[in-house]
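Good morning, everyone, and thank you for coming.

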Amino acid sequence: MFADGLFIMFAVLAVLGAVGLVLFRHPMNGAMSFVVTLISLAGLYALLSAKLIFALQLIVYAGAIMSLIVFIIMFLNIQPDDLPKEETKLLYVLGGGILVVPIGLFLVKIVKSLPEHSTAIMGGNFGGVKEVGLLLFRDWLIPFEIVSLLLLVSLVGAVILAGKRGTTK
Amino acid sequence: MMHCYLYLSIILFCLGIVGVVARRNVFTVFMSIELMLNAANLAFVTFARVHESMDGHVLAMMVMAVAAAEAALALAVVILLHKHKGKLDTNVFSLLKG
Amino acid sequence: MEQSVNYLGLIPLFPLMGAVLIGLLHVFTCKRTALPEKVYGILACIGPVLSFVLALKVFVALKALAPEARFLTHKAFTWFSVGDLHINMGFLADPLSCLMLLFVTFIGSLIHIYSIGYMGGDKNYGKFFAYMNLFLGSMLVLVLGDGPVVMFVGWEGVGLCSYLLISFYSEDRSNVLAGNKAFIVNRVGDLGFVLGMSFLFWGIGGNGFDYLSLKANVQHLEPAIALTVCLLLFVGATGKSAQIPLYVWLPDAMAGPTPVSALIHAATMVTAGVYMVARFSFLYAGVELAGTIVAWVGILTALLAAIFGMFQDDIKKVLAYSTVSQLGYMFAGVGVAAYSAGIFHVFTHAFFKALLFLGAGSVIYALHHEQNIWKMGGLKNKMPKTYITMVIGALALAGCPPFAGFFSKDEILYSALATGHFGIWAVGVLVAGMTAYYTFRMIFVVFHGEPRDQHAYEHASEAPNVMTVPLIILAVGALFAGFLNLPGIFGGDQIVSHWLAPSLSEQHPHGNLFVEILAIGASVVAFAIGIKIAYGKFGQGAPEPSFSGFADFAYHKFYVDELYDRIIVQPYKAIGSSIWKVIEPNVTDAPVKGVTRLYMVLGTAFKVFQVGYVRIYALYMVLGLSIMSLLLSQSLN
Amino acid sequence: MTNDLMLLMPLIIVGAGAILLMIASTYDKLTHELAAYGSAGIFAVAFLVQLSFCIAGKVAPFSEAFNGILVASNFSKAAGLIILACGFFTSLSSQAYFKRNNFCSSEYYSLTAFAASGMLLLTMAQELISVFIALEIMSLAIYILVGYDRKNVISTEAVLKYLMLGAFAGAFFTMGSAFVYGAAGSTKFVKIGQYLATNGMLHSPAMIGGAFFIMVAFLFKAAAFPFHAWVVDVYDGASVPVTGYMATGLKTAIFAVFANFLVIDGALQQKWITFLFYISVLTMFIGNLIAIGQQSLKRMLAASGIVHSGYLLIALVAVGTKDFTGSVIAFYLAAYAAGTLGIFTALSYLGGKGEARKTFDDFKGLAKARPYSAAAISVFLLSMAGIPPTAGFMGKFYIITSAINAGEVTLAVLGIVSSIISMWYYLRLIIAMYFHEAEEQFDEPAESCWAPACTFVLVLCVFAISLYPIAV
Amino acid sequence: MFEHVLSVIIFLPIIAGLLLLASPASRVIARFTGLAVSLSTLVLSLDLYMGFKGTGLLECVENIPWIESLGISYGLGVDGISLFILMAGSVLLPLVYFVFGTKEKGYYANLLIVQGAMAGAVCATDMVLFYIFWEVMLLPVFFMLGLYGGPRRLPATLKITLYTIAGSLLMLAAIVYLGVSYHAQFNEWSFAMDKMAQLNLTGQVAAVAFFGFMIAFAIKIPLFPFHTWLPDAYTEAPTAATFVLSAVMAKIGVYGVIRFVVPVFDLEFARFAILLAYAGVIGMMYCGFAAIAQKDFKRMLAFSSASHMGVIALGVFCMNIQALTGSIYQIVAHATSTGVLFLFAGILEERTNTRTIDDLGGIAAKAPVFALYFAIAMLASVGLPGTSGFIGEFMIVLGAIKFNTAIGVLAGTTLIIGVCYMLWMFQRVFFEKTSSRAENFKELTLVEGLVFLPVILLIIVMGIYPHPFLSKITPSTALQFAQPASVVAQVPASNVQYLGLTIEQK
């Protein structure tokens, strides 16, 4: 019951945060509102017994990635004038909302077809660091390794695109 | 209860789509995409709970890593865009068309 | 039954070789120093004369055979053979073709000799003789061919030569147009010929497509097809022999040199149609309706041409219409199944009409190419030989006994009467009178009375011997050829008819004496009336008349040429240009153009969707996705 | 395990080479020309290794490596060959390109190699999240290459569009994977196949939805309708060699993984046949319509790339899941790659400074000034248009044969019709090159000899590939 | 005659052409290379012709497996039908190098390539190989037209290229359909032409495939109403290209019908033959009428050529041996006569700088040899007996009468229609008064005269003594009708017996 209450709270917060992200004009407000969603999601992960993911969500997502985004927003020193004047924003949101409804309904239909399952907190070490870690290095070695490649690429990319080096040697 | 988690995931996913389609602010658009990835992560974790296997957790981690990499690149692009035009409006960048 | 002799093939080959030789000589020398005319003249005469000699040899050979076995054949080579269709390049000499052979080579040779004089000084002297030789060769192929297809080779060959010779003076557009007209109108007939052959082939041609095989199989032919074939072949004949409705080319064909008119457009080529009908007598004999149609078309043509002939003022046109008219007689003859009479008329006609043309030619020659009879007059003193020979020819043409034309024409009229074709006979008699009238109208105007053009008259003189000798020879023919087929009533025994009998499927009518006398009497009376009127009007010289009313209508040839121009030529051209200017771009090519336009329009239209806003691209994606989701959720459950 | 490593040898070479190049590029002594030769060498070595595997046939098909996450089948090897060849030619054409354009640095080549390693992974990946990561490695590298000319707003715009929409599509991929995971309990293709074999496709909406979202991502990368709109702008904005690389290597990898995904189970493919039917038809026709109106050569080639994706989708529809060899797809990809790379290689040295020559009209009279290049371009265009005796024709022939053989006569005929429609815009360039008078002389100095040599080699390839027989 | 003579005939010109294109050869060298190669091809073809036994079956067969999994092979061979088209190309093409001496290198090189490709198309016994050559032979024409054509060449180039490619791509689908059907019926892959006749094709798809082939060939022939590319292309193309198009390439369309459509789609063919025959006849009349309205002699010849092609095509649709043999014979006859006429038109154009009929006149007086040659070719074109044109035309009309009376009669009108425009043109160009433009018209040179002489003689010899030629054709055509005995039986019985009042057959 308590878990349900928590779920409802987190869910409402997450949705509100997401709505805020979509609707706030200034990206900073949006980012802040998005952080709320991320933190709520972290809570939900905890409710789903995903301990490691709960932690990572807070540390990596809400922490690192969002700080990066906020940092960049600040760094660019965005004035209200720089922001696009989105007079028809609501119209677009409404139109987008209507367009999205079939997709959503389709997904809902799929979910309905799945058998209901309890999500009560699992005991034991489910979702613990060690267990997930073992799995990661035993079964998922290759994806793990290639993620490193991915990060390397993104690193190089960020340097090249945003860097200030001279272009030609 | 699983359904509720998945419904939430779907709602967040759809909101992400709306954000991408409806907004012209580059930051908002990228964050909307992140929102969609998070919605997928929620589904992963939910299914991991349902299947009681931790593969889903690993997958979610991978997605986070990818999201981080993408975010880094996206921010680099945003900086580049800002350098060029000083604007964050996606509609400003429509030289290529027709 | 048949005997193969290999010299048959040589008969057409000689003139053809001559044509090639002369032609090449001409082509390769005409731009440099032209060869002397004598060379061409002699070369040109070798072929026809050799052919004539061989024709005599054929005649002798045939004569030696029993009447029903008088067939000489020669298969030169297999021409083409596909499936059932076996066509040999084969030649057949039987009494019919032998007769044709003889007079064609004979008259051909004479006209060649005549032309040596007539064409003197022409810069295309060599070309002329090449064409003439080519013509003679083709004509001989036509005559000697052992089947319809080989005949068709000659048939078209003579048509070609006719075209070439009509447009011989090619610098003048009207001459070339006349040539074109001749060729095209002939082609219309040829279409009939080809179609007729095709039907005949699918009817009975599978077992051999030569006359002898066809004749042997003719009873297997279904009557309907037989009728179709007969009529189609007759269409071919109307083209070549200038019958209604295709006669229009012949008067125009007088644009060619006069020896050409004499040889091609009077004596030989134009009678090919009659020859063909006689050749297919085995077919026509079985289809009475076809014969009747042929006869009526023939006699009506005779009437029409005679009407036109009465009002012409060009000496050659008068003769041309008289040729058409006489050809009509011939068709009337073969139409009423009097094939030998028809062929006999062909034979006699060749003499007197060639004679008349050559005579006219020497008049024209003397008057420096003046052809209008109203500019002549009183020439009998200046050109006595021409005058006498022409009068003989005219008498023969008009049907004065005992000249050649009388017997042959009378034979036809008698046959018509005897076979019960009273109408044909009556018209025939009327035409006989008209013939006498217009022939002597011409003679009187040209030779009698006072000279109308004094200047021309003074310069006129008799033609050289090379021209007059053939005239005299022909005159002899015109005088005596008729006796070859003297009917029984005059004590003759119809040598020609009997000679021809093995080739023709004709049954001689059992006429009685009364009919015979009636026929002869009517002819003679008609002749007398005709010549009387002519003498009354023109005997003492007369001014050029002006026509009005019917006469004017007839003078303009009932405006038939204009009518044809209006209903055939102009529409044809109009169709051509409307296809090119209207239908092609707007109908046939329209789909192509439409598709192209649509293509380009769509191409530009679709650029609009590439707006360049990334958000819109995302919108496309979402739009597509939602539609697909919608469809997919339908498919779930 | 050694065996497994051997399988990955080309991938390892390329990946390691990429990292080495990246490190080496910090040294100023490494000029970008040297880097170009270096990357070309890496690709060449990897290509030869891959080729030796293909020829020697020591490794049995469908050998699994690393827990079934990577599989090296004959198809993936063939696709790998194509990708490596694309990388090789891209390196060399870039070298020529950067003689005229000066925004290069040595990292460019390492990114090319990184992208290639992502593509190679993609062809072999047999697990959804690995597919996703490989996809992202490839895409990120390509994003960077697209936006490499930082001073150029066009290029930046292109990378914005590509990145935004690519990430958007990637989100769908993850959502799809989540649902597949939810249904099958695993993201490995083998397990999914087992699940489908026992449960069937129709009884699992989650599987349908998941597979649908995954395919959306593939279709996006393949530029199929309605996810095609970006491709024209991005190709236009990217520099010429990168465009060529995207059009060939990336497409090869995507179609390889798409085919691998579809042949997991017969039921999976059957389910989507109708869907792919309409998608492929629309893709072909919309692509054609976009291409018709283009004035810019690159945009036209981008749109024609959409059309070719349509043809490849036909092959996917017609592909048989039993004894899947993918030979038709691989052949078509090779043929298409040879032609397209050829054109882009030629453009990279003919394009002029700052890609001054963009439109059809800019190439008027090329045949007079540069007859061999014009002839080569004509050969490539004819190959793309599917005129014999080029490889493009044989590729199209195989696709039509397999389509008709699979009973998809309508699709084959529509493919033909689209091919007819596409003829005009290919011929248009030939007409411009040959039948118009030259407006300029095309005589730039300091040209690399490598790119023309590559063009020549590719011309040979176009003809040679057409002679190579395959089994449908 | 050696083993790979066909391959040599095909690839010698192609390779020579490609080498020429790639080399920096001068015009003179190009011309003489072209001449030498085409003459050696001619020698080889003559050798082939002499060694041809006329059994009706394929001779000189070469077969090298290519794509074995699909049963596709590099298969070549000639029979009586293909031999003559091959020969027409080999005999006629050397003329071009004599007549046009000052063209560019590409002109000659493209001619060589097109020669090889055409030879390949007629010799191929594998459908895929045929298709490859079929497409390849368009490319040189495309380049010749676009590079060396008249002022309005670009639209014409695009039209012919797109039109024919559209048709041939549809044919590709049909070819594949045949191969797949063969696989389905005999459980073995093959694209060999001779095996396709065994197929049992029924239903909608077969009809569609039938039209796939038919449209491709109809465009190439060109059969009404797919002829609209022709006037522009023939007029704008350089004369050599027009010559190639009309003399040989159009015939390959007819050849295709004989090779593919007739044996394979026997039922469909029997069903639609009447329709196609009407298309042929209407095309003949339509183009014949249009020809009379032309002011440009090249365009007039173009329409004349299309008109004749209508008759030739008709011969194929009549489904009897006479008409079919006539068609093939007429193919050769038309190739020689119309081909030569186009070359003469080229000469006229080069020497007078005009193509307008009204600008000319009196050339016969200036150039008698030229006029003679022209006249002979023209007479052959109008089907005068004694020239090559008659035999084929006669047999076609004969066969058409058997097939359907109405069509036969309409087909016969070609005798009249053809002669109308030809005589008109001949009159205006060669007769009448010499026009100013023709004032300085030069007679054929000795070389030209000698070069054309064999062809002119061929026209006459083929008219007078066609038997040796026909005896090589007929075994093959007979075979066409011998094989599917059932089909011949299904052909509507000859309605000649009923006086042919039936116009339409069921």
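How many of the 19 residues of helix 6 of chain D are buried? Before I answer, please keep in mind that what you see is a predicted model. The answer is that 19 of the 19 residues are buried, so helix 6 of chain D is largely enclosed by the rest of the structure. This helix covers residues 128-146 of chain D, and from its first C-alpha to its last it reaches 26 Å, which is close to the 27 Å expected at 1.5 Å a residue.

Let me turn to a pair of helices in chain C. In general, two packed helices are described by the angle between their axes and the distance between the axes. For helix 1 (residues 10-29) and helix 4 (residues 125-144) of chain C, the axes come within 7 Å and cross at roughly 160 degrees. Because angles over 145 degrees count as roughly antiparallel, helix 1 and helix 4 of chain C are described as roughly antiparallel to each other, and their crossing is left-handed. Among the residues that make this contact are Ile11(C), Leu16(C) and Ile22(C) on helix 1 of chain C, and Phe129(C), Leu134(C) and Val141(C) on helix 4 of chain C. The residues of this contact divide into 14 nonpolar, 6 polar and 1 charged.

Now to the contacts between chains, starting with A and B. Here 68 residues of chain A are in contact with 62 residues of chain B. Several helices of chain A each supply at least two residues to this side, including helix 1 (2-23) and helix 6 (141-162), while helix 4 of chain A gives the most, with 12 residues. By type, the side of chain A that touches chain B divides into 51 nonpolar, 12 polar and 5 charged residues.

Chain B also meets chain D, with 33 residues of chain B in contact with 32 residues of chain D. On the chain B side, the largest share, 14 residues, comes from helix 3 of chain B, and the residues of that side divide into 25 nonpolar, 5 polar and 3 charged.

Not counting residues up to four places away in sequence, Phe210(E) touches Val261(E), Phe265(E) and Glu268(E).

Key:
Residues are numbered from 1 along each chain as its sequence is written. Chains are lettered from A and ligands numbered from 1 in the order in which they are written. This is a predicted model: local features need pLDDT of at least 70, side-chain atom pairs count only at pLDDT 80 or more; totals for chains, interfaces and linings use all residues. Two residues are in contact if their C-beta atoms, placed from the backbone, lie within 7 Å. Helices (H or I, at least four residues) and strands (E, at least two) are DSSP runs, numbered from the N terminus. Ala, Val, Leu, Ile, Met, Phe, Trp, Tyr, Cys and Pro count as nonpolar, Asp, Glu, Lys and Arg as charged, and the others, Gly among them, as polar. The expected span of a helix is 1.5 Å times one less than its number of residues. A residue is buried if 20 or more other C-beta atoms lie within 10 Å of its own, exposed if 12 or fewer, and partly exposed in between; C-beta atoms are placed from the backbone. Axes are lines fitted to C-alpha atoms, for helices over the stretch in contact, and angles run from 0 to 180 degrees between N-to-C directions. Angles under 35 degrees count as roughly parallel, over 145 as roughly antiparallel, 65 to 115 as roughly perpendicular and the rest as oblique. A crossing is left-handed if the near helix is turned anticlockwise from the far one by less than a right angle, and right-handed if clockwise.
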